[in-house]
Structure formats: structure tokens, C-alpha cells
There are 2 protein chains.
Amino acid sequence: MLNFDYCSPTRLIFGKGVQKEVGPVLKPHTQKLLLHYGGQNIRKSGLYDEITASLRAAGVPFAELGGVVPNPRLSLVHEGIDLCRQEGVDLILAVGGGSVIDSSKAIAAGYYYNGDVWDLYESGRPVDKALPVATVLTIPAAGSEASNSSVITNEEKQLKYGYGCQSLRPLVSFVNPELFFTLPAHQIANGVADMMSHIFERYFSHTPHVDLTDSLCEGTLRTIMRNALLVRENPRNYEAWCEVGFGGTVAHIDLLGLGRAQDWACHGMEHELSALYDVAHGAGLAVLTPNWMQYVYRENTPLFVQFAVNIMGVSGSYRDPDAIVAEGIARLRAFFKAMGLPGTLTELGIGEENLELMAKKATGAAFGQEDPLGGLKKLAWQDVLNIYRLAL
Amino acid sequence: MLNFDYCSPTRLIFGKGVQKEVGPVLKPHTQKLLLHYGGQNIRKSGLYDEITASLRAAGVPFAELGGVVPNPRLSLVHEGIDLCRQEGVDLILAVGGGSVIDSSKAIAAGYYYNGDVWDLYESGRPVDKALPVATVLTIPAAGSEASNSSVITNEEKQLKYGYGCQSLRPLVSFVNPELFFTLPAHQIANGVADMMSHIFERYFSHTPHVDLTDSLCEGTLRTIMRNALLVRENPRNYEAWCEVGFGGTVAHIDLLGLGRAQDWACHGMEHELSALYDVAHGAGLAVLTPNWMQYVYRENTPLFVQFAVNIMGVSGSYRDPDAIVAEGIARLRAFFKAMGLPGTLTELGIGEENLELMAKKATGAAFGQEDPLGGLKKLAWQDVLNIYRLAL
């Protein structure tokens, strides 16, 4: 186990009706907040009215900025920073999914930063000070409600970068699984693929003797997969949503990644798909992950046997580890298919045309600064291209 | 799953050599701290010198109070509160195991409290304000390094009460498993029994659909048990200690108990043993837990089957659930025995003489305010007496 330094201070208020507590809970922390959200969904569902009523009843003034889109844009972040400065905002309340929360975090990081906030996403340099962010989660997926990370798309440069910084961990997040009842099937599936990937990125690690986090990863993955199928069958299954929703948060608070090297190659490869083709992040991950596994598993066959047995429930003869692994990967593909997720890049409308460009961007080779992706196996741009091709 | 409101803000600095960072990490948080510890062990081991050197190098002034004993005493807590007030202390640094940390928390809670701090332990009333506590852990067991709880013994009244309050969660804890190398075998075993009990108290719950926390409980228990045997075999096994040490913290941050009713009958029953006989808490728990299981399992046989299968690794025919459960409990007893823990009250030097008194104290019946213990099965004083007798 490696040394670690960890703090996950986000207060999690979880369960039925918790969004109605937003006003009184935030009141001691703010003089004026920015209510940040996406499109019309939260108005149609009545959530907007519930939250603004709670804020008004508690006497919390607020400004508003809607319009966040999936793969949230830098231009709106700039607008949000300007608005917060003009309006004297001291807290951002994100009402939405990972895109809205990530956009809020970018505004929060940029507020005190003397320069373009995109610098931070390019350099990865942490900031000591950011506006506090609170969230009301409407889509369980990104885990951004308690994580230190934010992913923003620079639409001018066609770049999608993740940024992680301790000061971006939300102050408080409200998670009511009832709010997930109306999500469309594809959004449920994308979310599940995303949270699973957050665990896989931590699980596939050469670091020896990480029994505890291995078992936490395995249990969380099994729970998410079992309950995701229940939710797909009946999106109004509150109890199953609790497991998936809570699982999505646990997947990304980084408890499951403590003391171990992490991978993150699939996220790196997927960000290129989203940046260039605007595909849903979860769908891209569902396509890439099994192909990545197939490409890299021989780097640590015993660990992939463990994945197949402990997560995918494969049993049988251990005399042929390759067969065990193959069965594990096949079961993962079958699970994604059962969730209605795509299995190939072709299904995402992606052909050979930009694979080499994306592989070179993902590894930095396109910018003359190649930095191999991943940890379990260091992937040069040619490796990434091979994986993209496997996934066609 | 039940609604919950959770925040575990303790920063955890884990791994080799981390105690040397105490000075620079605490410097921004304190003008003067109280160094609180037990006996001579930390002087003999050199830990006292390492920590005071780190504090001095960082320019952190400190007062000192040693003398904490197992089942830490209220009288020393009173002394600590007075000392902190006289010396203008603004942070307490606990260097030791659960007793030292719990004593520190009691001082921290009492510092701002206008009255006897014991009132809080009797009433359970939370306090908004307490001194911040930092810890350097020397015995993995109580989980107090990141929990909200503290257990104090009122030696005059022969009472041992637990108190939980969010403001008692430590600011930062330093956990270096190398510091555990010199623990004697019985202290290792007691600690393991204690951390296991922290999980059992949360695991045995009637709350339905708690898949995620069930699996986290099971994984953490399996990890602790597997590695505890390695540590018993070789107390200098760093990697195994990492699993046990980290497991002990995870066991009690309450992540594993979120959204579910909890039990805590075994802790309640054990506190009477420690208060009256001054036995080690973990040893008392190792004796009581299997007998409690035997007494209550029919309240939820399927859950105890799950315990036997998922934690104790029992397999075989499911047609006879009682047999599966019996095998699970037998394996738990065998594990405790393999750790060198006692299996009966007799081995702890406890006979029939005070069982009824202790049963009545544990349930409040002795004070005319009977409040049954536990959640899975509500235990009246007669039930507690039955369990004590089973354990003789």
C-alpha cells in the first residue's frame, strides 16, 4: 500500500425529500449564491420551484445562470465567473448532473484566479481558494457531487480536460434518488458506465497488497451492476436507485483509490471522443473499457482473473487464466449491452477517420509532448490507436 | 435505505514516516497545543522525541499531559480541561490509541462547555463547539482517529459511557503502520476484535436494501480478519498492518453504517464489563459477540446466513439455515481463538456474581429507566443476563 493524504469533507444529505432542506442548510454559508443549472428539465419537473421556494423561505438571495450542456463549455464558465464577480456571489449551488456541477466547480476555481481559468485545466496546478460549491444531484454518474474533479470542454480548441483540486470538493451535496425516476434509459445507462469506470480506473493497479480497497471496489461494482439492471427495468425503483446513487458517489470520493496507483487511460481515451464527436462520456467509456481490458490484461493477468471472479462472478477452472479473463470481459460486454449501451465506436458514429488524430491528442503526441496514458500499461499513441481500432 | 446526513471531514495522512509531518501540518491550525498521551511507551519507542522535534522545528509551542490509562478516566479529563484553559491551548494532539484520543475528545468537548463535561456523556446532547483534535495513532482498534465518538469512564460512579458528536471528529490523523510493530499480541488481538465489532454493530440491521453498505462491511471484515492473522504471525508485516490499520479507520468513520439502523448491543453490554472489571474492551467484545449472535440470530436468520457465507466463507447446503449460521458463528469463535482472544467470561475472571447488576446497568433498569439495548433485537435486562450467562 502506498502512502496517502486524504480528506473528503463533503457533507452528504441523502434520501427522500432532502432537496427541500437546501435553504436552511445553505443559509449559514452564504449572503448570495449563484443558482447554476442546465436546460428546462428542472423547471418541468418542479425541482426549480422547490429549490427556489426553499431558498426564499430561508432568506437566501440568489442570482441565476442556466444553459449548461453535456460536456460543459468553457464559454459559459467565463460568463459564470463574470456574473459571480458582478453580483457579489459567495457560493455556487449546482442543480443538475455532473456537467452542471463541473461547470460550477470551474466557476468556483476561476472566481479568485487572476487569469483564464482554462490555464488551470491545462496545467493541473491546484488553487488554494475557490468559492464553495453546493449541489443538488439530478443524474447519478460523474460522482462530481463529492469528488475533487471537474471536466471542461474548451470548444474553441476542441479539447476536453479534467482538473482535480482539493478545494473543489463540494461543501454539501443533496442526493434524493426520487429525482432520478424520470431519467431516460440512455442517461441511466451512461451514468452507470461512468461510475463503473471511476472504480475500474482505480481497481486496475499494479500496487501490491491493497486488499481493503480491492474489496471495496469489488463490492461497490457488484452493487452498482446488480441494481442498475433493476433500475433499467423500473426507473421508479427507489431502493435500487439508492444503491446506484450512493454507489456513484462512493465510486469517486477516492476512498476506493487510496494507497494505490491509478490508471485513468480509459477516461483519457474517452475525452477525445467526447471532445471531437460530442458523444456521451458514459457511452464512450462502455465502448472503450472492454477493449482496453482485452489489450492490456496480460500486464497483470492475476488481477484480471480477480476482476473476472470477484466482480463478474466467473467460476470454473483456474488452469486457464486467459479463459477466465475472457469470460469476465465477455460478461462485462453483456452487462453493458443489457443496459442498452453501445458496444462499438461504429454505433457511436465514429469511423477510422480521426482515430490517429485522437490517439495523438490523447497522449499529447499531437502537441509534441507525448506523455503515455494510463498506469497498468503505459499507452503510447500507437497503443491508443490499437485500442480505438479494436473498438471499431 | 434510510435517509442520512453524513460528513467525515478528518484528513487522514497515512503511511511510512508520516508522524514526522506533525509540526508543519499542524502549524497553520494552532498557536499552542496540548500534547496528550498515556504512559512511557511513546518515550521508549522514540515517538515522543520525533513528535516534539517536529513541533519544535515548525515552531509550534505545546503543553503536555500524560497519564491516560485504558478505559480513560474522567478525573484526567477534568485536569486536561483546566490545563488547556490555563495554558491558552487551542488544539489537542493525541498521541496514542483510542483511550488517549477519547480522553482528548472529552477535553475538547469540555473546554467550551459551561458545566461538568460528564453531563454530555450522560445526556448525549451534542455540542456545536469543541477544540480541534489531531491524532498520531499508535494502536489500531477504536477507530477514534476519524470517528465522532469518545468513551469515558467515570471511575467514581463506575460508569462507562460513549458519546458521539460531529464536532469531535478529528481535524487530522497521522497513521503510520510501522508504529504498530511493537504492540504486544494481546493488544493486537483486542484491537482487531474492537474494529470488527464496529462493523458488526452496523451490519446486523433489519433495514432492507442496503446492498452497498452490506458489501462494504463484508469486504472490510474479510480484509481485517485475513490480515490480522498475518500480523499475529509477524507483527512487523508492514503491508498486513496497512490493511488492518486502514480497515480499523474505515470500520468506524460510519460510511459502513449509513442509511441503516444500527445495533450497538454488544458495545453496551461490554461497557459494563470494562466499567466493573476493567477488562480490555476488545477482549470483552470477543467474548460477548458470538454469544449475542447465538441469542439473537433468529430475529433475522437470512442476514446471519449472509454473514456466515459472505464474511465467514461458509458454503454447503442452504436447506438448513440454522446449520449455516452455527458454522458461521463457530468460525468466528475459532478466529478469535486463533488471535489468542478469550472465549468466555470465566477466562476474563468474571463469574456469576455481578451479572444481574451489570445487565440492569446496561439497560438502565438499575436506574429505574429501562431502555432496551440494541436494534436487531431489543434486549431487556433479562435478555442481557441470558447473554452474559451464555458467555460464562
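The two copies meet through the same surface, because 100% of the interface residues of chain A are also interface residues in chain B. This is a predicted model, in which local features need pLDDT of at least 70, side-chain atom pairs count only at pLDDT 80 or more, and totals for chains, interfaces and linings use all residues. Residues are numbered from 1 along each chain as its sequence is written, while chains are lettered from A and ligands numbered from 1 in the order in which they are written.

**How the copies are related**

- Chain A is superposed on chain B by a rotation of 180 degrees, with 0.0 Å of shift along the axis and an RMSD of 0.0 Å. That is the relation of a two-fold axis.
- Pro9(A) has the C-alpha of chain A nearest the axis, at 2.0 Å from it.
- The superposition is by least squares on the C-alpha atoms of residues with pLDDT of at least 70 in both copies.

**The interface between chains A and B**

- Contact joins 35 residues of chain A with 35 residues of chain B; two residues are in contact if their C-beta atoms, placed from the backbone, lie within 7 Å.
- On the side of chain A that touches chain B, the elements giving two or more residues are β1 (4-14), α8 (211-233) and α9 (238-250) of chain A. Of these, α8(A) gives the most, with eleven residues.
- Sorted by class, that side of chain A has 15 nonpolar, eleven polar and nine charged residues. Here Ala, Val, Leu, Ile, Met, Phe, Trp, Tyr, Cys and Pro count as nonpolar, Asp, Glu, Lys and Arg as charged, and the others, Gly among them, as polar.
- Helices (H or I, at least four residues) and strands (E, at least two) are DSSP runs, numbered from the N terminus.
- Strand pairing also crosses between the chains: β1(A) and β1 (residues 4-14) of chain B run antiparallel and are joined by seven bridges. Two strands pair if DSSP finds at least two bridges between them.
- Within this pairing, Ser8(A) stands opposite Ser8(B).

**Domains of chain A**

- Chain A is divided into domain 1 (11-179) and domain 2 (184-390), with bounds that come from an automatic or database domain assignment.
- The C-alpha centres of domain 1 and domain 2 of chain A lie 26 Å apart.
- In chain A, 19 residues of domain 1 are in contact with 24 residues of domain 2. β1 and β7 (159-164) of chain A are the elements that give two or more residues to the domain 1 side.
- That side of domain 1 of chain A has eleven nonpolar, five polar and three charged residues.

- Strand β2 (residues 33-37) of chain B is mostly covered, with five of its five residues buried. A residue is buried if 20 or more other C-beta atoms lie within 10 Å of its own, exposed if 12 or fewer, and partly exposed in between, with C-beta atoms placed from the backbone.
- Leu33(B), Leu35(B) and Tyr37(B) point one way from β2(B), whereas Leu34(B) and His36(B) point the other way.
- β2(B) runs parallel to β3 (residues 62-65) of chain B, joined by four bridges; Leu33(B) has Phe62(B) as its bridge partner there.
- β2(B) also runs parallel to β4 (residues 91-96) of chain B, joined by five bridges; His36(B) has Ala94(B) as its bridge partner there.

**The nonpolar core**

- The largest nonpolar core has 265 residues, of which Ile92(A), Leu93(A), Val192(A), Ile92(B), Leu93(B) and Val192(B) touch the most other members. Such a core is a set of buried Ala, Val, Leu, Ile, Met, Phe, Trp, Tyr and Cys residues joined through C-beta atoms within 7 Å.
- Beyond its neighbours within four places in sequence, Leu93(A) is in contact with Leu26(A), Leu33(A), Leu34(A), Leu35(A), His36(A) and Ala134(A).

**Individual residues to look at**

- Ser150(A) lies in strand β6 (residues 149-154) of chain A and counts as buried, with 29 C-beta neighbours inside 10 Å.
- Leaving out residues up to four places away in sequence, Ser150(A) touches Asp102(A), Lys105(A), Ala106(A), Ser144(A), Tyr163(A) and Leu168(A).
- Asn71(A) is not a glycine, yet has a positive phi of about 55 degrees. Asn71(A) sits in the loop between β3 (62-65) and α4 (74-87) of chain A and counts as partly exposed, with 19 C-beta neighbours inside 10 Å.
- Gln158(B), also not a glycine, has a positive phi of about 50 degrees. Gln158(B) is in the loop between β6 (149-154) and β7 (159-164) of chain B and is exposed, with 11 other C-beta atoms within 10 Å.
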